[in-house]
Amino acid sequence: MIPFGSLALISVATTFLSAVVLSCIAFFGLFIYKKLTSKSKLPEPPFSKGGLFENCAATQVQKTLYQLDRDRVFFADIGPNDLGGSPWGGVFKAFLPTWNPIFFVSDYRLARLILTGDVNANIKECEKARDVENMNFTGLEHNSILSDRTSSTDREDARRTAAGAFSTTNLGKSWGSMKGSIANLLDEMRHFSALGEPFEASELFDMFIMRSVTRSIYGVEFTDDGTETADTIDGRTVMKDVAACAQEACRRIMFPPRPYMFWDKEVQNDNACQQRLHKVAEKLERIQREKEARMYANGIPHKPYTILDHLSMHNYKNPETRYADIITFILAATETTSSSLNYFLLEIARHPTIRKKLQYELSLFMPENRSNEGLIHSSSFNDRALLSSIAGCEYLNWCIKENMRLWPVAAGGPIRDVEEDVEYNGIRLPQGSKVICSFFSMFRERWIDRPEEYIPERWGESNPQLPQLKEMLMPFSIGRRSCLGQNMALFQLKIIIAHLLHHFDFELVGEPDMSFFVVIRLSNFMLKVKERK
C-alpha cells in the first residue's frame, strides 16, 4: 500500500504538471491563432538572446544596473539594417513566459509613435499597460492617476484638477517654503566642510528632498528621524514603504505569478507596506481637512495651493482612489528629484572643469552675500529676479539635460499596451503585445556623438545633432501621460543645484554603487565638500 503522504505528494505533482502542460498548449494555441488572424504580413522583431530562465532571473535583479546594461547588449546586436534595426535604434522581443509578447524599444522615433500616436499614419496612442492597474501602493483594487488607463475620463479629470498644484503661481509660492530647507542644507554642508572628511551623500540628499518637497507640495511636515506626531508623518518609513511597493509592482509586471508566492518575504513585506501607506493617506487627508476647518473658523479664505488641496477638490467616486493618488504623488515628487540631484552631483564631482564653468555662470547673478540670513530675508523683488536668472541660466540647463540623458530617473521607461497592430520600418508590433520604451538605452544609442560621455555643450545651438537630441530626450515621457509635476521638479532641482554649487565645491571619493528598480539610485556615494569663499 502506498502511504497517504506519498499519495498526496503524487497528487500535487500531477496537478502541477497538468497545469504546466495545459498552459503550454494554451500558449501555443494562442500563438497560432494570432498568426492566422493577423492582417499584416510584416514580421515581428527578433527575440533577444538568453534563455528563458536566464531572462526571468534578470528581471528580478535590482542591485547594479545589470538589467539596463543587459538590454543595451541586446540592442547593440541589432544593426541599422537588421530586422528590428534603424539608424535611430532597435527593437527586440523579450523571451519571457508571458501570454502576450513584450517588446523593448530604443528607437526614439518608434517610441514617440507608441507614446503619442500619429494621426496622419492612422496610428493611435498606445494604452497604459494593464499590468500596472491597481499599482496604487495602498493594497486596494482601485486605480490611480499613475495606473489608470489613458482613455479613462476619471483619470483625465483627476489629472486636470491636480495640475493646478503645479501652476506657475504655485511654483513661486513653493520658494518661500524651500528657503528654510535650503538654509539648513547649506549648514549641513558647512559642517562637513569643516570636518574635512567624506560623507555619504545619497541618503542625506534623499532625506533633504523628502523634507523640502513634501512640505512644499503637501503642506505637511515629513520627519526624517523615525518620529511622528498627530500632525506630522514619519517620512523615513514612508519612503522605504513606497520604494518597496514600487519595486514589487515592477517584479510582478515581468513575472505575473508573484502575487501568489505567499512564502516570499518580499511579497509578504509588500502587503505590510501597502497597509501602512493606506493609513498614511488617510492621515494626510485628515490633516488637510482639519487645516481647512481651522481657516474657515477663523474667517480666513482657503485658496487651494498644495496637491492635497487640489485632490480634495476632485469628485472622486470613492475615497480609496483619492488615497491611491495621494501616495502616488509622494513617489513621483520625491524619488525623481532626489535621484536626479544625486546623479547630477556625481557627474559634477567627476568633471571639475564643467563644475567651474557652471559656478562661473552662476556667479554672474547669485547673491554675493553667502550667509543664510541673506537667503532667508531676501526681498520678494530680489527673489523673483533670482529665480528668473536661475531658470534662464543656459549652461545650468545644458548640464541638467545632459544629466537626464545619461541618467534618466525612470530608466526602464514607460510600458504600453498595443491595441491595434503597429507597423514601422518593415516590422510589426502585434495587437495585444506590450512595448517598453527603454530610455536608458535610447538616450545612449550609437547615433549620438560620444554617447557615454558627459558633454553639456552638446545641447548648444552649434551641435548639428541638436534637433534629433531634442526630439529624443523625453525623461518625463510625452503625450497625455507625461509627468504632471515635471515643471515643479525642474524648478526645485535648479534652485537646489544653484545654491549648492554657488557655496561649495564637491569632490568624489571612490565610485558609488548603483541600482535600478523603478528608478536608478546611488548608494555608498561618498563626497568631500569644501566651502567656497
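Me: Happy to have you here! Leaving aside neighbours within four places in sequence, which residues is phenylalanine 205 in contact with?
Reply: Contact here means heavy atoms within 4.5 Å. This is a predicted model, where local features need pLDDT of at least 70, side-chain atom pairs count only at pLDDT 80 or more, and totals for chains, interfaces and linings use all residues. Residues are numbered from 1 along each chain as its sequence is written, and side-chain values use heavy atoms, with hydrogens and water left out. With neighbours within four places set aside, the partners of phenylalanine 205 are Leu185, Met189, Ser338, Leu341, Asn342, Leu345, Leu500 and Leu527.

Me: Now the open sheet of 3 strands: what is its order?
Reply: Strands are DSSP E runs of at least two residues and helices are H or I runs of at least four, numbered from the N terminus; two strands pair if DSSP finds at least two bridges between them. β12 (residues 504-508) and β15 (residues 526-531) run antiparallel, joined by 5 bridges. The sheet pairs its strands antiparallel, in the order β5-β15-β12.

Me: Which residues form the uncovered face of β12?
Reply: In a regular strand, side chains alternate between the two faces of the sheet. In β12, the covered face holds Phe504, Phe506 and Leu508. Leucine 508 has leucine 527 as its bridge partner in β15. The uncovered face of β12 is formed by Asp505 and Glu507.

Me: And what residue caps the N-terminal end of α9?
Reply: Helix α9 (residues 265-297) has 33 residues and reaches 48 Å from its first C-alpha to its last. At its N-terminal end, a side-chain oxygen lies 2.8 Å from the backbone nitrogen of glutamate 266. The capping residue is aspartate 264.

Me: Last one: what is the relative accessible area of cysteine 483?
Reply: UniProt lists Cys483 for "binding site" in an unreviewed entry. Cysteine 483 is found in the loop between α17 (466-472) and α18 (486-503). This cysteine is partly exposed, because its relative accessible area is 27%.

Terms used
UniProt positions are given in the numbering used here, feature names are shortened, and annotations may be inferred rather than shown by experiment. Buried means under 20% relative accessible area, exposed over 50%, partly exposed in between (1.4 Å probe, protein chains only). The expected span of a helix is 1.5 Å times one less than its number of residues. A polar contact is a pair of N or O atoms within 3.5 Å; within protein, one must be able to donate a hydrogen and the other to accept it, and residues adjacent in sequence count only if both atoms are side-chain atoms.
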